Amino acid sequence: MNAKNPSRGSDIRPLVAKLVLLQETELEIRRLSHELGGVDRRLAELEAGLREEQKALDIVRERLQEIGARNRSLESDLKDIQARIERSQEKLRSVKTNKEYQSGLKEIEDLKAMAARVEDEMLALLEESEAAQRDGKEREAALKTRAAEVEAEKTTVLAEAQGWRNRLADLERRSRELSVEVPETVLARYRRVQAVKKDGVAVAPVSGAVCRGCNVNIPPQMYNELQRMDRLQNCPNCERIIFWKEEEDRSE
Ligand SMILES: [Zn+2]
């Protein structure tokens, strides 16, 4: 019946096929570009993870240095205190009065208490230092393993990205070739819709009277016209260029 319609224009099937192919090519370009954008993010994540682990190790090492410095200072304090104790004991042997003797004893007692406090701190530092050394060794080993893993993953990611870049270059060439084969006015119409669609889909099939771009029903009159496949139409709802998808209609 449609074949006899006097208003019938040229068969748009080859043009629709070309537009669909152009769109498939460009959607693949979008997808690959997105993947390539993810590559830089992934590489940055890998580096950041490694830096975090390095930072944690640096903190442990810094603490070990602090402990070392504090310990040296305490050792020197302890030597001083011990020297003072010896001097006080020396002095004690030559005191004249009981009062002087008592005060000398008290001085030695205080100095010994001071020395004990220093020794307690040194002991605590020794324990902390041993724990920090164990922690540092574990972190160092983990970091070495992680660095090797990151290096391997970076190599894989970069190789994959190179594959995508090659494929992207092919697709871009293909897209340029196809664009040239589509009449300028149709291409402009396609580009206009494409520019406002977030999913990049400018051409959508209609099957079962439903636009597959927006899943909204096509008015019956328009659906009848669509089936003639003699001119391009736009979906009244989503504005996409629509075409009747014969195969699916028949299978229903
Ligand atoms: Zn639609």
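A salt bridge is counted here where a side-chain nitrogen of Lys or Arg lies within 4 Å of a carboxyl oxygen of Asp or Glu, and the side chains of glutamate 90 and arginine 93 meet in one, at 3.0 Å from N to O. The structure is a predicted model, in which local features need pLDDT of at least 70 and side-chain atom pairs count only at pLDDT 80 or more, while totals for chains, interfaces and linings use all residues. Residues are numbered from 1 along each chain as its sequence is written, and side-chain values use heavy atoms, with hydrogens and water left out.

**Domains and distances**

- The domain assignment, which is automatic or taken from a database, gives domain 1 as 29-171 and domain 2 as 184-251.
- Taken over C-alpha atoms, the centres of domain 1 and domain 2 are separated by 66 Å.
- Glutamine 133 lies in helix α2, residues 98-181, where helices (H or I, at least four residues) and strands (E, at least two) are DSSP runs numbered from the N terminus.
- Glutamine 133 is partly exposed, with a relative accessible area of 43%; buried means under 20%, exposed over 50% and partly exposed in between, with a 1.4 Å probe and protein chains only.

**The zinc site**

- The protein donors of the zinc ion are the SG atoms of Cys211, Cys214, Cys235 and Cys238, lying 2.2 to 2.3 Å from the ion; donors are N, O and S atoms within 2.8 Å of the metal (3.2 Å for Na, K and Ca), and sites may look incomplete because water is not among the atoms.
- The site is tetrahedral, with angles of 106 to 113° among its 4 donor atoms, a label that four donors receive if all angles lie between 85 and 135 degrees.
- For comparison, the ideal angle for four tetrahedral donors at a metal is 109.5 degrees.
- The donor residues follow the spacing C-x2-C-x20-C-x2-C in sequence, and because cysteine 214 lies in the loop between β2 (210-211) and α4 while cysteine 235 lies in the loop between β3 and β4, this pair ties together parts that are 21 residues apart in sequence.
- Cysteine 214 is partly exposed at 22% relative accessible area, whereas cysteine 235 is buried at 2%.

**Nonpolar cores and their surroundings**

- The largest nonpolar core has 29 residues, and those with the most contacts inside it are Tyr190, Cys211, Ile218, Leu232 and Ile242; such a core is a set of buried Ala, Val, Leu, Ile, Met, Phe, Trp, Tyr and Cys residues joined through side-chain atoms within 4.5 Å.
- At least two residues of this core come from each of α1 (13-93), α3 (184-196), β1 (203-207), α4 and β4.
- Beyond residues up to four places away in sequence, tyrosine 190 touches Leu19, Leu22, Gln23, Glu26, Ala202, Val203 and Ile241, contact meaning heavy atoms within 4.5 Å.
- A second, separate core of 12 residues includes Leu74, Ile81, Ala115 and Val118.
- Glutamine 194, in helix α3, is buried at 18% relative accessible area and touches Glu26, Gly200 and Ala202, again leaving aside residues up to four places away in sequence.

**Salt bridges**

- A search of the whole structure finds 24 salt bridges.
- Glutamate 90 and arginine 93 are 3 residues apart in helix α1, so about one helical turn separates them, and arginine 93 is exposed at 63%.
- Arginine 240 and aspartate 199 meet through their side chains at 3.1 Å, N to O; since arginine 240 is in the loop between β3 and β4 and aspartate 199 in the loop between α3 and β1, the pair ties together parts that are 41 residues apart in sequence.
- Arginine 240 is buried at 6% relative accessibility, whereas aspartate 199 is partly exposed at 35%.
- Glutamate 225 forms a salt bridge with arginine 231, the closest N and O atoms being 3.5 Å apart, and arginine 231 is partly exposed at 48%.

**Backbone angles**

- Methionine 229, in the loop between α4 (220-226) and β3 (233-234), has a phi near 55°, a positive value in a residue other than glycine, and is buried at 4% relative accessibility.
- Glutamate 239, in the loop between β3 and β4 (241-244), has a positive phi near 75° and is likewise a residue other than glycine.

How values were computed. Tetrahedral: all angles 85-135°; square planar, octahedral: opposite > 155°, others 65-115°.
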